[in-house]
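Hello,

Here is the structure I promised to pass on. Please open it alongside this email and follow the notes below.

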Amino acid sequence: MTAAPGWYPPPETPRPLLPTDQAVGNPFIWLLACLPFGVGTLMLSWNPEVHAYIASSGYLSIDPTYIFTAAYFAIMIGLILTYGATVVLAVFDYRWLVHRGVVRPFNWAWSFLGGVPYVIGRAVVIHKVAPRRGLWPITVIVAAWGLYIVAGFAKALPFMQSVFYELGY
């Protein structure tokens, strides 16, 4: 189906600006931005051991069961809880913004892709309705995920070194 000639969709109305004294931050967005710090801290507690054995094929192999420690399962549960909390906090943040008069705030459903896309999209919308405000949550969530990634590499490198050592490399 095509539109009639000369028909154009109605232009989108611009979002009205928020008063300069109105807050654009709330506990929901700050909790959402800080969630990865918890998982990053859990990552630092994980110390897997590496043990080699002779497999049925006759080759030296690494026993994978030693990585499944309590800390490993705590990290996995922490990641699942972080994901769920991200969606819930984004819903509450979205409702808070609507209640404060933000027209067409960034949709909370983007949080299903993770906290970073939601926080960035929210900051773009807030920056439009409250110029030069609302950008700090981006810094916090990027720093939090940066900590998580650095902690992951800090744990992965010695682990891989011990794997190679056990295999005789």
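Start with helices α3 and α4, which are roughly antiparallel to each other. This is a predicted model, so please keep that in mind throughout. Two packed helices are described by the angle between their axes and the distance between the axes. Here α3 covers residues 115-129 and α4 covers residues 136-166. They pack at an angle of about 165 degrees. Their axes lie 9 Å apart. An angle over 145 degrees counts as roughly antiparallel, which is why this pair gets that label. The crossing of α3 past α4 is left-handed.

Which residues make the contact? On the α3 side they are G115, V116, V119, I120 and A123. On the α4 side they are P137, I138, I141 and W145. By class, eight of these residues are nonpolar, one is polar and none is charged.

Now turn to α2 and α3. Their axes come within 11 Å and cross at roughly 15 degrees. Angles under 35 degrees count as roughly parallel, so α2 and α3 are roughly parallel to each other. This crossing is left-handed. From α2, the residues T86, A90, D93, Y94, W96 and L97 take part. They meet G115, Y118, R122 and I126 in α3. The classes here are six nonpolar, two polar and two charged residues.

Next, check the helix lengths. Helix α2 runs over residues 70-99, which makes 30 residues. At 1.5 Å a residue, α2 should span 44 Å. The C-alpha atoms at the ends of α2 are 42 Å apart, which agrees.

Which residues of α3 are buried? They are G115, Y118, V119, G121, R122, A123, V125, I126 and V129. These buried residues pack against α1 (27-44), α2 and α4.

Take I126 as one case. I126 sits in helix α3. Its relative accessibility is 0%, so I126 counts as buried. Leave aside its neighbours within four places in sequence. I126 is then in contact with V24, L97, V102, P131, R133 and G134. Look at V24 in particular. V24 and I126 are 102 residues apart along the chain, yet their C-alpha atoms are separated by 7.2 Å.

A130 lies in the loop between α3 and α4. At 1% relative accessibility, A130 counts as buried. Not counting residues up to four places away in sequence, A130 touches L18 and V24. V24 is also among the contacts of I126.

Is R132 buried or exposed? At 77% relative accessibility, R132 counts as exposed. The cut-off for exposed is over 50%, so R132 passes it. The phi of R132 is near 65 degrees, a positive value in a residue other than glycine.

R104 has a positive phi too, near 50 degrees, and is also a residue other than glycine. Where is R104? R104 lies in the loop between α2 and α3. At 32% relative accessibility, R104 counts as partly exposed. G101 follows α2 and has a positive phi as well, near 100 degrees.

Last, go to L44. L44 is found in helix α1. At 47% relative accessibility, L44 counts as partly exposed. Not counting residues up to four places away in sequence, L44 touches A151 and K155. How far apart are the C-alpha atoms of L44 and K155? They are separated by 7.3 Å, although L44 and K155 are 111 residues apart along the chain.

When you go through the model, begin with the pair α3 and α4, roughly antiparallel to each other. Then compare the pair α2 and α3, roughly parallel to each other. After that, find I126, which counts as buried.

Best wishes

Technical notes. Residues numbered from 1 in each chain as written. Predicted model: local features only at pLDDT ≥ 70, side-chain atom pairs only at ≥ 80, totals over all residues. Heavy atoms only, no water. Helix = DSSP H or I, 4+ residues; strand = E, 2+ residues; numbered from the N terminus. Expected span 1.5 Å × (residues − 1). Axes fitted to C-alpha atoms, helices over the stretch in contact; angles between N-to-C directions. Parallel < 35°, antiparallel > 145°, perpendicular 65-115°, else oblique. Left-handed = near helix turned anticlockwise from the far one by under 90°. Contact = heavy atoms within 4.5 Å. Nonpolar A, V, L, I, M, F, W, Y, C, P; charged D, E, K, R; others polar. Buried < 20%, exposed > 50% of the residue type's maximum accessible area, 1.4 Å probe, protein only.
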